[in-house]
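I opened this model to look up a few things and note them here. The entries follow in the order I took them.

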Amino acid sequence: MSKVVFLQARNMESETLETLGPSDFSFAITKVAVAQICQTTGFRAAQSSALETLTRITTLYLQTLAKSASSRAASSGRTQSNIFDVVHALEHLSSDQGFAGASNPNGCLLASSPLLDLIKFVYSRREIPFAKPLPRRSNLSQNLPLPQNPSNSKQSPHIPTWLPGFPDPSTYTEPKTDIPSGLNWNAEVEERKHSGNEKEKKSRLGNMELPKKRERVTFRMGEAAEAKSPRLGFRVGMKNGVCRGGKRVSWQNHNLQNSKFKRPR
Amino acid sequence: MNQNQGGNDARHDDDSALSDFLASLMDYTPTIPDELVEHYLAKSGFQCPDVRLIRLVAVATQKFVAEVASGALQQCKARQSAVVKDKRDKQQKDKRLILTMEDLSKALREYGVNVKHQEYFADSPSTGMDPASRDE
């Protein structure tokens, strides 16, 4: 319950500001601004916990306004918000307290009472500029330019350039495959021929990409394994067709043949 | 015709009032600096090239905080006027209006924000108990 005098908040050493992390930094700046607002309201001091709580609520209010406005813009099919989105967000946040004209959905947005109250507030108040000079951020932004993707701008102008580029098309366009969906234990798996060249495979594997045509994997359930030269498969310990207890999966050098699913009787 | 013109005039008035206001916003410096507001707006996905809208959001937040602070101030003053016994005490307390968690939570409750606050923290489970009943 230590009291914090507002003068101390304003005279905060700039060094302490610089040593903070990015989220703490913005929080500290907001705390100074909130302390200034409280001082003009008439308070002489504040409990540190109360000031921090109010700062937290201020940041939440800002973010809620922004999210509400941007979601309203997005639902109208726009990426950039305009004045109407902001006024809607203001009305949305003032609906808890209530305002004149809240019951009229057809009222003109530019004459909505939260906006008018805001106008009156601005005209009636004196300016309270921020106490501390903020360190210039322009140097940082020059050092880290946003990576621009030229391929995006040419082929797809609707995609912003700051998004990462599309991957190589060969990785996601495949010849038609018929992979059985999901874990269909009862499906019969047919053997596929390996048609790819050896060199192609090596080059693809060298690039850390999965080959498109891979060996099929069969799952054979049951204790009695087929002795017919199996090529590739797994065995799951089962009794009477139900997986019980020990779920040991063993790798057997089975051959891929017309391996029908068989249940032990 | 007259009604339509009246309606259009009203809208023009609103538009002009708003554009005047937005122009005056550029002269007014909100307490919350623009860079900070831009940081939080970018964090929330708000994209807008217009600087006046950023100022509008900053001013709206400032108004909100000022309202909450004035509500807390009223709570503080109401509590002081109830407690006052001597005139000297009241004058001394007026100079030291302190923002406390109690006043803040009462003021925030009007805005739908519930702030619960611990009354105190105890060092051990036997703090505050009778010394005779404490285990030794």
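Entry 1, contacts of one residue. I started with A:Thr59 and listed its contacts, leaving out residues up to four places away in sequence. A:Thr59 touches A:Thr30 and B:Tyr40. I note that the model is a predicted one.

I looked up where A:Thr59 sits: helix H4 of chain A, residues 48-75. Is A:Thr59 buried or exposed? The relative accessibility came out at 3%. Buried means under 20%, so A:Thr59 counts as buried.

I counted ten helices and five strands in chain A. The chain has 265 residues, and 30% of them are buried. I then took the contacts in chain A between residues at least 6 apart in sequence; 47% of these join residues at least 24 apart.

I turned to helix H2 (residues 34-44) and helix H3 (residues 51-83) of chain B. At what angle do H2 and H3 of chain B pack? The angle is about 95 degrees, and the axes are 10 Å apart. The range for roughly perpendicular is 65 to 115 degrees, so H2(B) and H3(B) are roughly perpendicular to each other.

From H2(B) I listed B:Asp34, B:Val37, B:Glu38 and B:Leu41; they meet B:Ile54, B:Arg55, B:Val57 and B:Ala58 in H3(B).

Definitions and conventions:
Residues are numbered from 1 along each chain as its sequence is written. Chains are lettered from A and ligands numbered from 1 in the order in which they are written. This is a predicted model: local features need pLDDT of at least 70, side-chain atom pairs count only at pLDDT 80 or more; totals for chains, interfaces and linings use all residues. Side-chain values use heavy atoms; hydrogens and water are left out. Helices (H or I, at least four residues) and strands (E, at least two) are DSSP runs, numbered from the N terminus. Buried means under 20% relative accessible area, exposed over 50%, partly exposed in between (1.4 Å probe, protein chains only). Contact means heavy atoms within 4.5 Å. Axes are lines fitted to C-alpha atoms, for helices over the stretch in contact, and angles run from 0 to 180 degrees between N-to-C directions. Angles under 35 degrees count as roughly parallel, over 145 as roughly antiparallel, 65 to 115 as roughly perpendicular and the rest as oblique.
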